[in-house]
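The points below concern side-chain contacts, taken in turn from aromatic pairs to charged groups. Please read them alongside the structure.

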Amino acid sequence: MLLNLLIFAAVAAASAILWWPRLRSSAIWRAMTTPLASIIGSGFLVLGPILTNAYGAYAPAVMAALCLGSYLLGGAIRYNMRAADARDAPWPDGIETVASWALAFAYIVSVAYYLNLFGAFAVSLTRFDDPIFARSVTTAVYAIICGVGWTSGFRSLEAMEYLSVSIKLAIIAGLLVGLGFFFGDKAARGGLVFLETGVTGWGAITLGFGLIVTVQGFETSRYLGATYDTETRVRSMKWAQWLSSAIYLTYILLIGFTFRRDQLAFSETAIVDMMGVITPILPLLLVVAALAAQFSAAVADTSGSGGLMSELSAGRIRPRAGYAILTATGVALTWATDVFRIISLASRAFAVYYALQCAVAALAAVRRGDRARAAGFGGLAILAASIAVFGQAVEG
């Protein structure tokens with residue numbers, strides 16, 4: 001009972017902070033909301049069981065590597081943002097155009113990933129917990145988002161996004177409090193678990209490659225130029241990555257040493273049953289957070305994809321037509337494959353975009369005579385290209 005009260009108190013306190021007028025009116029916080037919606041879209045739902053099962057006691061180190069890799073990739077995009085702002089962009093327009101089309105496709109796949117998780121969590125605590133019903137829910141939510149975007153445009157989607165981000169972050173605060181007490185109790189009784197790795201060698205590396213999408217979303221800051229200046233967008237991306245990294249690392253550290261391998265079920269909703277071991281209230285809160293997380297991330301990437309398609313086609317594809325294309329493709333993926341293969345496909349698609357952005361940054365650095373940065377960005381381009389080629393899906 002005491003733990004439930006503490007969890008609710010954490011949720012309430014976080015909600016009050018997130019709806020504090022001074023915070024909501026902050027330009028930097030508003031600019032952070034969009035990348036946060038994507039970065040913390042699903043990682044805290046699937047990464048705990050996946051990383052702990054695959055990497056055992058090394059799961060926190062792998063999570064740190066994912067966060068560091070995403071921050072370095074974000075550094076290349078921030079470099080390009082400043083170069084573009086200074087009109088110091090030496091690359092041909094064609095490279096940027098290819099990169100933008102790659103991002104538009106990546107958004108389409110990532111929305112499929114988010115909404116398939118949405119469908120799975122929506123039915124997870126009901127008697128309709130079945131893939132057919134989950135995919136039906138996913139299809140229905142696609143129709144809702146497409147309908148809102150078609151009739152009301154981005155402003156309505158943006159308003160929906162802030163509410164869902166706030167709900168998600170508040171519940172994550174409660175989740176971390178619950179996990180913290182569970183971890184502390186285990187530690188006090190000498191019951192912490194140190195699992196051996198489930199995968200090793202090249203397989204461990206390619207699995208990590210296939211999970212890069214779980215920490216993506218920072219690139220959305222680049223496309224907020226109509227609303228925020230370059231420095232605000234750069235800072236918002238950095239701060240969003242710092243905050244999301246702190247949440248992910250805390251989460252994986254707390255979960256990675258408290259559950260036995262037989263408690264790590266292989267499914268997209270495994271975390272629900274795991275949290276039920278701590279207190280019965282957490283699964284319900286987690287499902288609410290899951291729905292908010294997937295919805296906010298899907299809205300962010302739907303908006304980004306529709307806007308990009310319109311811009312890249314010189315207005316021939318209107319944003320609402322872009323929403324329709326995204327919906328048709330996503331529904332097809334929903335019924336043709338499973339969420340873990342969609343995660344891998346999304347990781348590959350984003351990796352192509354990141355590889356192109358890193359190549360662009362390397363060219364800009366060469367022009368400026370900054371050989372060290374050029375070499376660093378070139379190395380990141382090779383890494384991102386490797387992710388696109390070798391990233392593997394999680395296998396049951």
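1. The aromatic pairs in this predicted model number 11. In one of them, the ring centres of F194 and F257 are 5.3 Å apart; the pair is classed as tilted because the planes meet at 55°, and only angles over 60 degrees count as edge-to-face.

2. This pair joins distant parts of the chain, 63 residues apart: F194 belongs to the loop between α8 (154-188) and α9 (201-209), and F257 to the loop between α10 (230-255) and α11 (270-276). F194 is exposed, at 59% relative accessibility, whereas F257, at 11%, is buried.

3. A cluster linked by ring pairs comprises Y107, F218, F350, Y353 and Y354.

4. Two arginines sit over aromatic rings. The charged end of R78 is 4.5 Å from the centre of the Y71 ring, and R235 lies over the face of W239 at 5.5 Å from the ring centre.

5. Four salt bridges are present. Among them is the bridge between E231 and R82, whose closest N and O atoms are 3.0 Å apart. Because E231 is in helix α10 and R82 in helix α5 (residues 59-85), this bridge ties together parts 149 residues apart in sequence. E231 is partly exposed at 40% relative accessibility, as is R82 at 36%.

6. D185 and R189 also form a salt bridge, at 2.9 Å from N to O. Here D185 is partly exposed (39%), while R189 is exposed (58%).

7. A further salt bridge connects R373 with D370, with 3.6 Å between the closest N and O atoms. R373 has a relative accessible area of 45% and is partly exposed; D370, at 26%, is partly exposed.

Note on methods: Residues numbered from 1 in each chain as written. Predicted model: local features only at pLDDT ≥ 70, side-chain atom pairs only at ≥ 80, totals over all residues. Heavy atoms only, no water. Phe/Tyr/Trp six-rings, centres within 6.5 Å; stacked < 30°, edge-to-face > 60°. Helix = DSSP H or I, 4+ residues; strand = E, 2+ residues; numbered from the N terminus. Buried < 20%, exposed > 50% of the residue type's maximum accessible area, 1.4 Å probe, protein only. Lys NZ or Arg CZ within 6 Å of the ring centre and 35° of its normal. Salt bridge = Lys/Arg side-chain N within 4 Å of Asp/Glu carboxyl O.
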